[in-house]
Amino acid sequence: MRCNEGIIATGASSYEVLTKCGEPSDKEVVNPTVQPDGNLPRGAVTVETWVYGPNNGAHNFLRFIDGKLVKIETRRL
């Protein structure tokens, strides 16, 4: 995905994306559920979806798992 300050691709950190693209227009964060004993379940991750756009009528949806970009999807809404 092209941003004002460069190009980002899967594998980028959330810090790198913020540096190159700025703040997203929308952001959703899903944290893992804490167990009754106060611990996180084994293999629990934080999933974030960031939205950039609209740009030429399209929005870019970026999915992060534990701060690492794993998917970029472009959609017209």
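Helices (H or I, at least four residues) and strands (E, at least two) are taken here as DSSP runs, numbered from the N terminus. The structure is a predicted model, in which local features need pLDDT of at least 70 and side-chain atom pairs count only at pLDDT 80 or more, while totals for chains, interfaces and linings use all residues. Residues are numbered from 1 along each chain as its sequence is written, and side-chain values use heavy atoms, with hydrogens and water left out.

On that basis the protein has one helix and six strands, running in the order β-β-α-β-β-β-β along the sequence. Its C-alpha atoms fill a box of roughly 50 × 25 × 15 Å along the principal axes. Of the 77 residues, 23% are buried, where buried means under 20% relative accessible area, exposed over 50% and partly exposed in between (1.4 Å probe, protein chains only). Taking contact as heavy atoms within 4.5 Å, 32% of the contacts between residues at least 6 apart in sequence join residues at least 24 apart.

The helix is a handy place to start on the charges. K20 and E16 both sit in helix α1 (residues 14–21), four residues apart, or about one turn of the helix. They form a salt bridge, with the closest N and O atoms 3.2 Å apart; the term covers a side-chain nitrogen of Lys or Arg within 4 Å of a carboxyl oxygen of Asp or Glu. K20 is partly exposed at 23% relative accessible area, and E16 is partly exposed at 30%.

The count by this rule comes to three salt bridges. K71 pairs with E73 at 3.7 Å, N to O, and R75 pairs with E73 at 3.1 Å between the closest N and O atoms, so K71, E73 and R75 are linked in a network. These residues are partly exposed: K71 has 43% relative accessibility, E73 has 29% and R75 has 35%.

E48, in strand β4 (residues 47–55), tells another story. The residue is buried yet has no salt bridge, and the nearest side chain of opposite charge, K27, lies 4.6 Å away; for charge, Lys and Arg count as positive and Asp and Glu as negative, with His and the chain ends not counted. The E48 side chain does make a polar contact of 2.9 Å with that of W50. Such a contact is a pair of N or O atoms within 3.5 Å; within protein, one must be able to donate a hydrogen and the other to accept it, and residues adjacent in sequence count only if both atoms are side-chain atoms. Beyond four places in sequence, E48 touches K27, E28, V29, L62, R63 and F64.

L62, in strand β5 (residues 58–65), is buried with a relative accessible area of 0%. Outside four places in sequence, its contacts include M1, I8, V17, E48, W50, L69 and I72. The C-alpha atoms of L62 and V45, 17 residues apart along the chain, are separated by 16 Å.

G53 and P54 are joined by a cis peptide bond, with omega about 10 degrees, and P54 belongs to strand β4. N56 is not a glycine but has a positive phi of about 55 degrees; N56 lies in the loop between β4 and β5 and is exposed, at 68% relative accessibility. D66, likewise not a glycine, has a positive phi of about 50 degrees and is found in the loop between β5 and β6 (68–76). Most residues other than glycine have a negative phi, and most peptide bonds are trans.
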